[in-house]
Amino acid sequence: MTILVTGGAGFIGANFVMDWLAAGGEPVVNYDKLTYAGNLESLASLKGNNSHVFVEGDIGNYDTALATLNQHRPRAIVNFAAESHVDRSIHSPGEFIHTNILGTYQLLEAARAYLATLNEAEKAAFRFLHVSTDEVYGSLKANDPAFRESNAYEPNSPYSASKAASDHLVRAYHHTYGLPVVTTNCSNNYGPYQFPEKLIPLMIHNALAGKKLPIYGDGMNVRDWLYVGDHCSAIRAVLDKGRLGETYNIGGWNEMPNLTVVHTLCDILDAERPRADKSSYRTLMNFVPDRPGHDRRYAIDASKIHKELGWKPAESFETGIKKTVRWYLDNQAWVGNVTSGAYRQWVAKQYQ
Ligand code: NAD
Ligand code: TYD
């Protein structure tokens, strides 16, 4: 028995693959296109481990996806593969439409064709778990209740709109073709191996390089933050016990304005890696023009997954963020390798 993980060379996917194998899960076939966000170095600890097979492939390529499924006969697909960065979706929405919508469609088609080759017991056990985001629900006002699974979809960025479309396709393949799907909608993740284009690793990376810390708008946009290991355990719970055709919100019960996140990071770095001139990293904070269409607040009501599947996060923000900063301090070689030429081009385009 195996499972097929798509996008397993990215931030959450790589954490999931390592977490899954460490927890004694079946061998993993890791199917990833290796875009700028996919790094095999994140999986270096699995070198020589026969329980991890890497296949370079595009979810949008039906033939390769189906051939991989037919060859490895997985009992589940966990679909992480996506373009994932809102700012990039504002500059270049086409890639998001291509991978997140058309790619998910092709993968669903491949899964449907593969399912037809399984016997009844295998069909009954098979799962297509689609990993999605809370951003599909749109933006909350300060006093609105947190997102529930019954909220209407109101995506505001090309990224969230493309993820919303993929969620709808997954739902439709269940209702129309009986594909055994479950979908998860998770809040902002942080932790090891996150590409330094997203808020937390970008701030750590810039601070250590003595560069400015770009804060969009007034810095009071609110996100719910979840340690990546907790997202992985939630996905394992949903794969194991989630009801077919259902969606599960996953979150950390941990809403915070961006300014608080950046202050926290600066304070940890001040203690762990004081600057030569003894000034605080907070002096590098720099307010820059806001992101167009910037969602004001996300908050997740994760009571369904807690009540039905018994899942809750193990890390608090305090413990998770300290671990994360320590990881980046200890893994500067990984950061150095992923912040190559293409990364510099992105930073120049977005921040100058
Ligand atoms: P990421 O950008 O770090 O990694 C994406 C991975 O997908 C990369 O390895 C990339 O090479 C691969 N990929 C991209 N296009 C592909 C294609 N066409 N075919 C095969 N592989 C392809 O993303 P992430 O932050 O790890 O997010 C993973 C998933 O979780 C995404 O679906 C994202 O929408 C969702 N999600 C992310 C967060 C978050 O905070 N990062 C929160 C909730 C949900
Ligand atoms: P990000 O990590 O891009 O995640 P998302 O937009 O998917 O929530 O951004 C998190 C928050 O941080 C968001 O409100 C935008 C803000 N932000 C900045 O203020 N400066 C930055 O350089 C980045 C990348 C994000």
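I started with ligand 2 and found 19 residues around it, the closest being Glu135, Arg223, Arg291, His294 and Tyr351. A residue is near a molecule here if one of its heavy atoms lies within 4 Å of it.

A note to myself on the source: this is a predicted model, where local features need pLDDT of at least 70, side-chain atom pairs count only at pLDDT 80 or more, and totals for chains, interfaces and linings use all residues. Residues are numbered from 1 along each chain as its sequence is written, chains are lettered from A and ligands numbered from 1 in the order in which they are written, and side-chain values use heavy atoms, with hydrogens and water left out.

**Entry: polar contacts**

Next I looked up polar contacts (pairs of N or O atoms within 3.5 Å). An N or O atom in the side chain of Glu135 sits 2.5 Å from an oxygen atom of ligand 2. For Arg291, I read 2.5 Å between a side-chain N or O atom and an oxygen atom of the ligand. Asn188 has a polar side-chain atom 2.9 Å from an oxygen atom of ligand 2. The protein covers 97% of the 510 Å² of accessible area that ligand 2 has on its own (Shrake-Rupley method, 1.4 Å probe).

**Entry: the shell**

Which element gives the largest share of the shell around ligand 2? I found that strand E8 (213–216) does, with three residues. Helix H3 (86–91) and helix H7 (199–208) also give two or more residues. Helices are DSSP runs of H or I with at least four residues, and strands are E runs with at least two. By class, I noted eight nonpolar, five polar and six charged residues in the shell.

**Entry: the largest pocket**

I then turned to pockets: on a 1 Å grid with a 1.4 Å probe, a pocket is an open set of points with protein on both sides within 12 Å along at least five of seven lines, and lining residues have an atom within 4 Å of a point. The largest pocket holds about 480 Å³ of space. I saw 22 residues lining it, with Pro214, Val347, Gln350, Tyr351 and Gln352 nearest its centre. Helix H13 (341–351) supplies the largest share of this lining, five residues.

**Entry: the second largest pocket**

This pocket has a volume of about 230 Å³. Of its 13 lining residues, Tyr153, Arg171, Gly245, Glu246 and Thr247 are closest to the centre. Helix H6 (158–177) gives the most to the lining, with four residues.

How values were computed
A polar contact is a pair of N or O atoms within 3.5 Å; within protein, one must be able to donate a hydrogen and the other to accept it, and residues adjacent in sequence count only if both atoms are side-chain atoms. Ala, Val, Leu, Ile, Met, Phe, Trp, Tyr, Cys and Pro count as nonpolar, Asp, Glu, Lys and Arg as charged, and the others, Gly among them, as polar. Grid points are joined across faces, edges and corners, and a volume is the space filled by probe spheres set on the points.
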